[in-house]
Amino acid sequence: MIRIGIILGSTRPNRNGPQVARWVLETAARRGDAEFELIDLRDHPLPHLDEPVAPMFGPSVHAHTRAWAERIAPFDGFVVVTPEYNGGPPGVLKNAFDHLCAEWADKAIGFVSYGAGGGARAVVQLRAVCSTLGMADVSHQVAISLHTDFENFTTFTPREHHAAALGTLLDQVLAWSTALAPLRRTGADTPHIDSEGTDHDDTALSVAR
């Protein structure tokens with residue numbers, strides 16, 4: 001069965017992310033067509049990228065990176081729950097992506113974002129990161145407003161249109177995770193990124209709108 005990891009991308013004190021991530025997990029678990037599991041970045045503390053070579057040249061020399069790779073590798077796709085900080089995603093989330101390469105490749109990913117503007121600008125940046133890593137970023141997104149979807153900016157109150165949007169997002173993530181399975185089985189090449197992080201591959205997959 002397809003396995004989907006739900007990545008909670010905020011580690012701040014008093015974060016709103018766990019409420020959103022639990023809603024995503026509980027909604028997804030009712031489907032019965034895949035296995036879903038929460039991945040909380042608080043449980044996987046990573047330093048600022050400290051590998052002596054780029055992850056594509058792995059394996060890592062550090063135990064914390066190897067443990068993170070072992071956590072991510074078994075999944076076929078992901079849903080990322082991310083806030084928006086100053087027009088972008090949390091640094092801890094970008095750092096988590098940067099620690100790995102092959103473990104992300106040929107897997108689907110969707111985004112559930114929250115913030116004053118629904119977290120849209122954070123997702124724009126994450127799409128570029130994930131596409132460079134060879135992931136299929138699905139077109140549908142769930143955008144949650146701190147102003148209208150959280151009581152007193154703290155209690156998440158999902159509405160019907162959020163549930164509908166999440167259902168469509170999950171449909172896309174599962175469809176693309178399934179479609180990409182042959183590439184994962186054959187170990188297809190990941191995008192070429194040199195030691196300075198420059199992308200030399202124009203074929204990274206991004207799902208059309």
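Student: In this predicted model, which residues have the most contacts inside the largest nonpolar core?

Tutor: Happy to start there! The largest nonpolar core has 27 residues. Strands E1 (3–8), E3 (77–83), E4 (108–115) and E5 (136–145) each give two or more residues to this core, as do helix H1 (17–29) and H5. The residues with the most contacts inside the core are Val-20, Val-24, Val-79, Val-81, Val-112 and Ile-144.

Student: Which element gives the most to this core?

Tutor: The elements that give two or more residues include strands as well as helices H1 and H5. The top contribution is 6 residues, and the element that makes it is H5.

Student: Which residues does Ile-144 touch, not counting residues up to four places away in sequence?

Tutor: Ile-144 is one of the core residues with the most contacts, so let's list its partners, leaving out residues up to four places away in sequence. Contact here takes heavy atoms within 4.5 Å. The partners are Val-20, Trp-23, Val-112, Ser-113, Tyr-114, Gly-115, Gly-118, Asp-149, Phe-150, Phe-156 and His-162.

Student: How many residues does the second, separate core have?

Tutor: This core includes Trp-68, Phe-97, Cys-130 and Leu-133. Cys-130 has a relative accessible area of 0%, which means that it is buried. The size of the second core is 23 residues.

Student: What should helix H5 span, and how far apart are its end C-alpha atoms?

Tutor: Helix H5 covers residues 160–179, which makes 20 residues.

Student: Within what arc do the buried residues of H5 fall?

Tutor: The buried residues of H5 are His-162, Ala-165, Leu-166, Leu-169, Leu-170, Val-173, Leu-174 and Ser-177. An α-helix has 3.6 residues a turn, so residues three or four places apart point the same way. Seen down the axis of H5, the buried residues line one face of the helix, because they fall within an arc of 165°.

Student: Which exposed residues sit on the face of H5 turned away from its buried side?

Tutor: The buried side of H5 carries residues including Leu-166 and Val-173. The face turned away from that side carries the exposed residues Glu-160 and Ala-179.

Student: Is Asp-149 buried or exposed?

Tutor: Asp-149 forms a salt bridge with Arg-159, the closest N and O atoms being 2.8 Å apart. Asp-149 lies in the loop between E5 and strand E6 (150–151), and Arg-159 in the loop between strand E7 (155–156) and H5, so the pair ties together parts that are 10 residues apart in sequence. Arg-159, at 41% relative accessibility, counts as partly exposed. For Asp-149 the value is 2%, and because buried means under 20%, Asp-149 counts as buried.

Student: How many disulfides does the structure hold?

Tutor: Cys-101 counts as buried at 6% relative accessibility, and Cys-130 is buried at 0%. A disulfide needs cysteine sulfur atoms within 2.5 Å. The number of disulfides is 0.

Student: What is phi of Phe-153 near?

Tutor: Most residues other than glycine have a negative phi. Asp-106, in the loop between helix H3 (91–98) and E4, has a positive phi near 60°. Phe-153 lies in the loop between E6 and E7 and is partly exposed, with a relative accessible area of 48%. Its phi is positive too, near 65°.

Student: How far apart in space are Val-124 and Gly-87?

Tutor: Val-124 lies in helix H4 (residues 120–132) and is exposed, with a relative accessible area of 57%. Val-124 and Gly-87 are 37 residues apart in sequence. In space, C-alpha to C-alpha, the distance is 9.5 Å.

Methods
Residues numbered from 1 in each chain as written. Predicted model: local features only at pLDDT ≥ 70, side-chain atom pairs only at ≥ 80, totals over all residues. Heavy atoms only, no water. Helix = DSSP H or I, 4+ residues; strand = E, 2+ residues; numbered from the N terminus. Expected span 1.5 Å × (residues − 1). Buried < 20%, exposed > 50% of the residue type's maximum accessible area, 1.4 Å probe, protein only. Arc of directions from axis to C-beta. Core = buried A, V, L, I, M, F, W, Y, C linked by side-chain atoms within 4.5 Å. Salt bridge = Lys/Arg side-chain N within 4 Å of Asp/Glu carboxyl O.
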